[in-house]
Number of protein chains: 2
Amino acid sequence: MNYPNGRRKAAKGTASKTRSTKPDFSNRGMSLEEDINVTNDFYLQSGQAVIHKKPTPVQIVNVDYPKRSAAVIKEAYFKQASTTDYNGVYEGKHIDFEAKETKNKTSFPLNNVHQHQIDHMKAVDQHGGISFLIIRFTPLDETFLLPSSSLFKFWDEQWNGGRKSIPYSAVKEEGVPIAFHFQARVDYLKAIDKLYF
Amino acid sequence: MNYPNGRRKAAKGTASKTRSTKPDFSNRGMSLEEDINVTNDFYLQSGQAVIHKKPTPVQIVNVDYPKRSAAVIKEAYFKQASTTDYNGVYEGKHIDFEAKETKNKTSFPLNNVHQHQIDHMKAVDQHGGISFLIIRFTPLDETFLLPSSSLFKFWDEQWNGGRKSIPYSAVKEEGVPIAFHFQARVDYLKAIDKLYF
């Protein structure tokens with residue numbers, strides 16, 4: 001079997017022959033969100049964890065109900081999420097995280113995260129859940145799990161004259177690198193094992 | 001202070017004077033979903049648990065980006081949820097549930113639940129989470145927490161010639177009644193304590 005680009009598609013026998021036949025395990029072309037969704041599917045199918053992305057919250061204003069066909073939402077607006085995007089259960093623990101990509105190479109700008117997400121993650125931690133950030137430095141093609149404790153530290157410091165971003169070096173030191181695997185494209189459970197179990 | 005109808009509004013000093021001044025602790029007028037949302041807000045504010053309703057999943061097809069105003073979703077469709085509606089963390093445990101109202105008085109029809117929700121709840125249980133159903137018999141104004149183990153039993157039996165509903169008596173016997181309280185309108189944490197802790 002030949003998986004030209006490490007994409008999940010290949011597993012279904014639809015490997016594109018127009019691509020290089022050299023293995024290419026980079027994430028190019030797939031967004032972090034797509035990679036995590038594929039990973040979560042794999043975790044679910046292989047019985048490792050039950051973690052889902054929450055749907056995008058939408059305020060529905062107007063819906064059309066045509067005869068003999070599906071309801072059509074005709075007017076709706078994006079709402080701000082009050083939680084993180086991903087949650088679920090792993091080894092009996094409640095898992096809660098947000099995933100963010102940055103085009104920066106040297107730091108992760110804190111304006112990628114919102115106060116209500118911080119509040120949510122703090123609440124999750126207080127109740128015995130595990131919360132964290134998955135950060136991808138896209139130009140470096142490097143992905144990390146950063147525990148929320150580190151995030152909170154930098155978040156709180158920024159209001160006391162601290163910097164408005166988390167240095168790449170700190171993410172590397174306080175976080176755990178997440179390896180790319182064929183099916184678990186963002187294999188964050190291993191990073192959780194390392195940090196929390 | 002006078003809370004004419006046990007509604008949350010009253011707490012904000014907007015008690016309607018046109019209503020009866022006799023305390024009325026029934027749930028009339030509020031849907032189970034609204035009651036649970038109020039309860040979850042209260043649990044969050046009082047630091048008891050972090051549980052949220054997931055947004056309704058929507059497939060967005062067409063979005064308009066007008067100048068100087070918010071993006072408008074012009075065409076979208078309802079998607080089937082792949083999980084339960086509510087989840088979060090309580091006392092270190094992952095909590096996952098679905099809430100259903102029925103107009104029946106004598107049984108809970110199983111067609112209120114879908115196979116993919118059963119699959120999801122089974123997976124949650126396998127990973128050490130706590131999953132259940134909150135069932136309200138609207139005409140009786142009675143609400144119960146039914147553990148997923150009972151639900152699975154009736155669900156699986158229906159395919160072997162069993163009945164297509166769960167008798168009220170079974171819900172009463174295998175579930176735990178959920179009391180109505182002023183702020184915790186569907187005080188299911190107490191029922192969780194009784195069953196799982």
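**Notes on the predicted model**

1. Strand S7 (residues 130–137) of chain A is mostly covered, with eight of its eight residues buried. The model is a predicted one, and this applies to every point that follows. From S7(A), A:Ile130, A:Phe132, A:Ile134 and A:Arg136 point one way, while A:Ser131, A:Leu133, A:Ile135 and A:Phe137 point the other way; all are buried.

2. What does S7(A) pair with? Strand S5 (residues 93–102) of chain A is joined to S7(A) by eight bridges, and the two run parallel. A:Thr102 is the residue opposite A:Phe137 of S7(A). Strand S8 (residues 142–147) of chain A is joined to S7(A) by six bridges, in the antiparallel sense. Within that pairing, A:Arg136 has A:Thr143 of S8(A) as its bridge partner.

3. S7(A) and S8(A) make a hairpin, with four residues between the strands. In the turn, A:Asp141 has a positive phi of about 50°.

4. Chain A as a whole has five helices and 10 strands. Of its 197 residues, 31% count as buried. Among contacts in chain A with a separation of 6 or more, 59% are between residues 24 or more positions apart.

5. In chain B, strand S7 (130–137) is likewise mostly covered, eight of its eight residues being buried. One side of S7(B) carries B:Ile130, B:Phe132, B:Ile134 and B:Arg136, and the other carries B:Ser131, B:Leu133, B:Ile135 and B:Phe137; both faces are covered.

6. S5(B) and S7(B) run parallel and are joined by eight bridges, with B:Glu98 paired to B:Leu133 of S7(B). Strand S8 (residues 142–147) of chain B runs antiparallel to S7(B), with six bridges between them; here B:Ile135 has B:Phe144 as its bridge partner. S7(B) and S8(B) form a hairpin with four residues between them, and B:Asp141 in the turn has a positive phi of about 55°.

7. Helix H2 (residues 115–126) of chain B has 12 residues; at 1.5 Å a residue these should span 16 Å, and the 17 Å between its end C-alpha atoms agrees. The buried residues of H2(B) are B:Gln117, B:His120, B:Met121 and B:Val124. Why do the buried residues of H2(B) line one face of the helix? Seen down the axis of H2(B), they fall within an arc of 95°, so they line one face. In general, an α-helix has 3.6 residues a turn, so residues three or four places apart point the same way. On the other side of H2(B), B:Gln115 and B:Gln126 are exposed.

8. Which elements cover the buried residues of H2(B)? From chain A, the cover includes strand S1 (50–53) and strand S4 (86–90). From chain B, it includes strand S5 (93–102), strand S7 (130–137) and helix H3 (148–158). Just after H2(B), B:Gly128 takes a positive phi of about 90°.

9. The contact between the chains takes 31 residues from chain A and 31 residues from chain B. On the side of chain A that touches chain B, the elements giving two or more residues are S1, strand S3 (72–78), S4 and helix H2 (115–126) of chain A. S3(A) gives the most, with seven residues. The residues on this side of chain A divide into 17 nonpolar, 10 polar and four charged.

10. S3(A) also pairs with strand S3 (residues 72–78) of chain B, in the antiparallel sense and over two bridges. A:Ala76 has B:Ile73 of S3(B) as its bridge partner.

11. A:Glu174 lies in helix H4 (residues 168–174) of chain A. Leaving aside neighbours within four places in sequence, A:Glu174 is in contact with A:Leu146 and A:Ser150. A:Thr84 is 90 residues from A:Glu174 along the chain, and their C-alpha atoms are separated by 21 Å.

Conventions:
Residues are numbered from 1 along each chain as its sequence is written. Chains are lettered from A and ligands numbered from 1 in the order in which they are written. This is a predicted model: local features need pLDDT of at least 70, side-chain atom pairs count only at pLDDT 80 or more; totals for chains, interfaces and linings use all residues. A residue is buried if 20 or more other C-beta atoms lie within 10 Å of its own, exposed if 12 or fewer, and partly exposed in between; C-beta atoms are placed from the backbone. Two residues are in contact if their C-beta atoms, placed from the backbone, lie within 7 Å. The expected span of a helix is 1.5 Å times one less than its number of residues. The arc is that of the directions from the helix axis to the C-beta atoms. Ala, Val, Leu, Ile, Met, Phe, Trp, Tyr, Cys and Pro count as nonpolar, Asp, Glu, Lys and Arg as charged, and the others, Gly among them, as polar. Two strands pair if DSSP finds at least two bridges between them.
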